[in-house]
Amino acid sequence: MRAPASLLVVFGATGDLAQRMLFPSLYGLQADGLCAQATRILGTGRSELDAAGFRALIADAIRRNVPPAEFNEGTLQALLDRIDYVSADTSDDSSLHALGDRVRALRNNGDVVYHLSTAPRFYASICEALGRMGLAGPGTRVLLEKPIGHDLASATEINDGVTRFFDEERVFRVDHYLGKEGVQNLLALRFGNALFEPLWNARHIQQVQITVAETVGVEGRGDYYDHSGAMRDMLQNHMLQLLCLTAMEPPARFEPSAVRNEKIKVLRSLRAIGSSDVLAETVAGQYTAGAVAGNVVPGYLEELGRPSNTETFVALRAHVDNWRWSGVPFYLRTGKRLPHRTTEIHLQFRAVPHSIFAGAHVEPNALTIRLQPDERIELKLMSKTPGLDRAGMRFSQVALDLDMHEEFASFRRRPAYERLYLDAIEGNSTLFVRRDETEAAWEWVDAIFDGWRAAGVTPKPYPAGTWGPAAAVAMAERHGHSWRE
């Protein structure tokens with residue numbers, strides 16, 4: 001393993017993501033002794049703060065966002081001792097030069113990781129500034145937050161701007177879902193157990209459902225969300241990554257090229273959904289006023305304060321056209337103001353080819369991998385119902401249920417950015433997204449948007465607190481399937 005980077009530079013260091021997730025995650029690494037002794041942290045942003053003011057801001061954020069049972073004042077002070085700050089603006093050369101001088105002083109001849117926790121429109125200009133100052137050469141790498149663009153053209157433009165100064169091997173595109181324990185456990189389940197992989201194919205699996213459901217609305221992010229919608233905000237990145245990990249072939253090794261090569265094969269095998277298919281294979285929705293968890297909530301247009309055709313729900317039926325998955329539908333569903341918060345992957349196996357139990361109702365087996373809010377793995381099997389059955393054996397569906405938090409109660413639940421920061425600092429890009437993955441995902445999603453425009457699709461209303469428009473239910477039922485609820 002290469003030596004850990006000696007300097008982490010966080011752009012947008014006073015922003016919401018930095019305060020809620022990034023610095024609390026660095027605190028977790030500090031608490032567990034996973035920060036190399038020589039690694040320093042430099043925050044930068046447009047806020048006019050001195051180093052002491054920035055440390056006070058970060059200390060307050062950590063006290064707010066780290067669970068009280070995990071907080072320790074000594075650990076916080078040890079982290080703050082690593083932290084410095086310099087104000088900088090890409091439109092101000094003098095502040096950029098001051099930033100460059102501080103980077104050189106703190107780097108100490110080690111590697112540097114630049115985390116661009118800013119709006120994506122600034123990625124190219126920040127990388128250009130770093131390149132102009134001679135700070136983007138060998139031994140440096142850059143982390144980019146999603147979304148990488150709004151469509152394929154803008155994603156390509158951003159990627160071109162970044163890779164002018166950082167070659168692809170040094171670009172780490174963040175999808176924080178890949179840092180979640182449950183997502184990594186999907187790989188462990190598939191490739192660490194002899195039980196499942198022989199059954200993980202079209203001969204044994206009838207359908208796959210991937211659901212990412214949120215109970216919240218736009219929560220003050222209306223302007224951002226109205227520009228993105230459910231398709232761009234969730235499906236194009238998080239959900240397609242989950243699809244890739246579910247459907248990909250076994251990589252030769254758990255290392256960056258091998259894993260990402262298998263994921264791109266899945267994306268390139270996705271059957272296009274164009275203008276002739278969107279009405280049958282996709283549904284867009286937008287929530288209206290309703291009730292979630294017993295609380296009355298307004299509709300999307302009321303929250304936004306203006307008319308909009310942005311989708312807050314999307315469901316679609318995808319196909320991976322390759323040998324392993326031929327004929328198996330992948331149902332993807334995500335939305336806001338749904339009945340409960342969950343992220344899960346549900347695989348329904350095929351029915352037994354012949355039942356020897358005349359008159360008995362035998363349900364197909366099913367495997368559900370839940371990623372949030374709780375992490376668990378549930379395998380549903382058929383069992384004989386206890387009793388004396390003169391009329392023939394009776395069956396009940398039972399679950400083998402593994403609650404990961406209960407099983408590993410002594411282990412601390414880690415936020416995704418702890419894993420991602422540790423890997424980025426140590427130069428391991430396995431859990432980051434490669435350029436060709438990002439652009440292949442956009443190409444597939446853009447075709448759906450083009451189809452919606454050609455067919456005049458507008459979002460169908462659904463009351464908050466329900467599972468989306470009735471059309472989404474009908475889409476699955478036309479093929480003899482039902483959404484898991």
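Biologist: Which residues does Arg173 touch, once residues up to four places away in sequence are not counted?
Modeller: Arg173 touches Leu144, Ile148, Asn159, Thr163, Glu168, Phe432, Val433, Arg434, Arg435 and Thr438, where contact means heavy atoms within 4.5 Å. This is a predicted model, in which local features need pLDDT of at least 70 and side-chain atom pairs count only at pLDDT 80 or more, while totals for chains, interfaces and linings use all residues. Residues are numbered from 1 along each chain as its sequence is written, and side-chain values use heavy atoms, with hydrogens and water left out.

Biologist: Where does Arg173 sit, and is Arg173 buried or exposed?
Modeller: Arg173 is in strand S6, residues 171-173; helices (H or I, at least four residues) and strands (E, at least two) are DSSP runs numbered from the N terminus. Its relative accessibility is 2%, and buried means under 20% relative accessible area, exposed over 50% and partly exposed in between, with a 1.4 Å probe and protein chains only. Arg173 therefore counts as buried.

Biologist: What makes Asp84 count as buried?
Modeller: Asp84 has a relative accessible area of 12%, so it falls on the buried side of the cut-off. Asp84 belongs to strand S3, residues 83-87. Leaving aside neighbours within four places in sequence, its contacts include Arg40, Arg55 and Arg102, along with Ile41, Leu42 and Phe54.

Biologist: Let's turn to H8. What makes the bend in H8 a kink, and where is it centred?
Modeller: Helix H8 covers residues 222-247, and its kink of about 95 degrees is centred on Gly229. The bend at a residue is the angle between axes fitted to the seven residues ending there and the seven starting there.

Biologist: Why is H8 called largely enclosed by the rest of the structure?
Modeller: Because 23 of the 26 residues of H8 are buried.

Biologist: And Gly220, is that residue buried or exposed?
Modeller: Gly220 has a relative accessible area of 81%, so it is exposed. Gly220 lies in the loop between strand S7 (205-213) and H8. Its C-alpha atom is 8.7 Å from that of Leu304, 84 residues apart along the chain.

Biologist: Which members of the largest nonpolar core touch the most other members?
Modeller: Those are Phe23, Tyr114, Leu235, Leu240, Phe330, Leu367 and Trp444, out of 139 residues in that core. H8 gives the most to this core, with twelve residues. A nonpolar core is a set of buried Ala, Val, Leu, Ile, Met, Phe, Trp, Tyr and Cys residues joined through side-chain atoms within 4.5 Å.

Biologist: Why is H8 described as roughly perpendicular to H9?
Modeller: The axes of H8 and helix H9, residues 256-269, come within 9 Å and cross at roughly 110 degrees. That makes H8 roughly perpendicular to H9, because 65 to 115 degrees counts as roughly perpendicular, under 35 as roughly parallel, over 145 as roughly antiparallel and the rest as oblique. Axes are lines fitted to C-alpha atoms, for helices over the stretch in contact, and angles run from 0 to 180 degrees between N-to-C directions.

Biologist: Which residues of H8 and H9 meet?
Modeller: Leu240, Gln241, Leu243, Cys244, Leu245 and Ala247 in H8 meet Lys263, Val266 and Leu267 in H9. The residues of this contact divide into seven nonpolar, one polar and one charged. Here Ala, Val, Leu, Ile, Met, Phe, Trp, Tyr, Cys and Pro count as nonpolar, Asp, Glu, Lys and Arg as charged, and the others, Gly among them, as polar.

Biologist: At what angle do H1 and H3 pack?
Modeller: Helix H1 (residues 16-31) and helix H3 (residues 73-80) pack at about 110 degrees, with their axes 9 Å apart. That makes H1 roughly perpendicular to H3. Phe23, Leu26, Tyr27, Gln30 and Ala31 of H1 make the contact with Thr75, Leu76, Ala78 and Leu79 of H3. By class, the residues of the contact are seven nonpolar, two polar and no charged.

Biologist: What is the phi of Asn109, and is Asn109 buried or exposed?
Modeller: Asn109 has a positive phi of about 65 degrees although it is not a glycine. At 80% relative accessibility, Asn109 counts as exposed, and it is found in the loop between helix H4 (93-107) and strand S4 (112-116).

Biologist: How do you know that the peptide bond from Lys146 to Pro147 is cis?
Modeller: Its omega is near 5 degrees. Pro147 is in the loop between strand S5 (140-144) and helix H6 (152-163). A cis bond also joins Gln372 and Pro373, with omega about 5 degrees. Most peptide bonds are trans.
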